[in-house]
Amino acid sequence: MSTEDFSRDLARELLAIGAVSLSPASPFTWASGLQSPVYCDNRLTFGFPHIRDLICDGFQRVIRDHDLACDVVAGTATAGIPHAAWLADRMTLPLVYVRGESKTHGMGRQVEGVLEAGSSLIVIEDLVSTGMSSTAVIRPLERAGGRVVAVLAIFSYGLKLATDAFEAAGVPLFTLTSYSALIDVARAEGAIDENDLNSLKDWYQDPALWSERVSSKF
């Protein structure tokens with residue numbers, strides 16, 4: 001199966017279980033306050049073993065195809081941790097996880113688990129939007145002694161903000177499926193009409209402007 005076919009197959013599965021939802025006419029509100037025609041909650045994949053296996057297959061394929069060094073698998077708190085654990089188990093590798101910030105009690109750790117100095121790390125994310133939270137875990141992992149070789153995510157909106165964030169961090173991002181694959185599948189299956197398609201494309205070009213226009217209607 002080609003990478004493109006895999007991306008579409010996974011997008012189809014995510015749509016089928018409602019992990020990714022499209023609603024241009026009744027947009028979602030992100031934590032940032034932005035209005036968006038798409039919402040992703042990959043925590044729903046936890047309840048579907050065949051999708052978990054598909055995601056693990058995809059991560060292993062990326063690691064193999066790009067010849068990524070991987071001594072330890074790291075999961076981002078919280079939704080990346082289960083997928084990182086399943087991948088680490090599949091590959092018989094150690095697992096660590098990283099918080100968004102250090103604990104304010106106990107040992108005050110931000111990285112939990114055993115991480116030997118110089119270990120190469122693959123970071124597992126469930127979702128990449130702007131890339132800010134995903135790249136924020138790189139430095140803590142490096143301070144803990146690891147060497148982050150790549151971030152692997154299930155889904156990405158494909159926004160320029162994320163591209164810029166990863167370029168600035170100097171770490172590559174690989175995603176199993178994307179916004180463009182999602183739109184292709186939704187259109188092919190008749191889940192969106194032409195008006196929806198145009199609106200989704202407009203949002204992708206300028207999410208902030210799209211949000212501003214939508215908000216002004218209410």
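User: What makes tryptophan 30 and tyrosine 157 count as buried or exposed in this model?

Analyst: In this predicted model, both tryptophan 30 and tyrosine 157 are buried. Buried means a relative accessible area under 20%.

User: Why is the pair of tryptophan 30 and tyrosine 157 called tilted?

Analyst: The ring centres of tryptophan 30 and tyrosine 157 are 4.9 Å apart, with 40 degrees between the planes. Centres within 6.5 Å make a pair, and planes under 30 degrees apart would be stacked, over 60 edge-to-face, so an angle of 40 degrees is tilted.

User: Where in the chain do these two residues sit?

Analyst: Tryptophan 30 is in the loop between strand 2 and strand 3, and tyrosine 157 is in the loop between strand 9 and helix 6. They are 127 residues apart, and the pair links distant parts of the chain.

User: What makes tyrosine 179 and tryptophan 203 a tilted pair?

Analyst: Their ring centres are 5.1 Å apart and their planes are at 55 degrees, so this pair is tilted. Tyrosine 179 lies in helix 7 and tryptophan 203 in helix 8, so the pair ties together parts 24 residues apart in sequence.

User: How do you know whether tyrosine 179 is buried, and tryptophan 203?

Analyst: Tyrosine 179 has a relative accessible area of 4%, and tryptophan 203 has 1% relative accessibility. The cut-off is under 20%, so tyrosine 179 is buried and so is tryptophan 203.

User: Which residues do ring pairs link into a cluster?

Analyst: The cluster holds Trp30, Phe155, Tyr157, Tyr179, Trp203 and Tyr204.

User: Why are helix 1 and helix 7 called roughly perpendicular?

Analyst: They pack at an angle of about 70 degrees, with their axes 9 Å apart. Angles from 65 to 115 degrees count as roughly perpendicular, and therefore helix 1 and helix 7 are described that way. Among the contact residues are Ala11 and Leu15 of helix 1 and Leu182 and Val185 of helix 7. By class, that contact has six nonpolar, one polar and three charged residues.

User: What makes the backbone at aspartate 67 worth a look, and at threonine 92?

Analyst: Most residues other than glycine have a negative phi. Aspartate 67, however, has a positive phi, near 50 degrees, and threonine 92 has one of about 55 degrees. Exposed means over 50% relative accessible area, so aspartate 67 at 70% is exposed, and threonine 92 at 71% is exposed too.

User: How do you know that the peptide bond between alanine 77 and threonine 78 is cis or trans?

Analyst: Omega is about 0 degrees there, and the bond is cis. Threonine 78 is found in the loop between strand 5 and helix 3.

Terms used:
Residues are numbered from 1 along each chain as its sequence is written. This is a predicted model: local features need pLDDT of at least 70, side-chain atom pairs count only at pLDDT 80 or more; totals for chains, interfaces and linings use all residues. Side-chain values use heavy atoms; hydrogens and water are left out. Axes are lines fitted to C-alpha atoms, for helices over the stretch in contact, and angles run from 0 to 180 degrees between N-to-C directions. Helices (H or I, at least four residues) and strands (E, at least two) are DSSP runs, numbered from the N terminus. Angles under 35 degrees count as roughly parallel, over 145 as roughly antiparallel, 65 to 115 as roughly perpendicular and the rest as oblique. Contact means heavy atoms within 4.5 Å. Ala, Val, Leu, Ile, Met, Phe, Trp, Tyr, Cys and Pro count as nonpolar, Asp, Glu, Lys and Arg as charged, and the others, Gly among them, as polar. Buried means under 20% relative accessible area, exposed over 50%, partly exposed in between (1.4 Å probe, protein chains only). Rings of Phe, Tyr and Trp (its six-membered ring) pair if their centres lie within 6.5 Å; planes under 30 degrees apart count as stacked, over 60 as edge-to-face and the rest as tilted.
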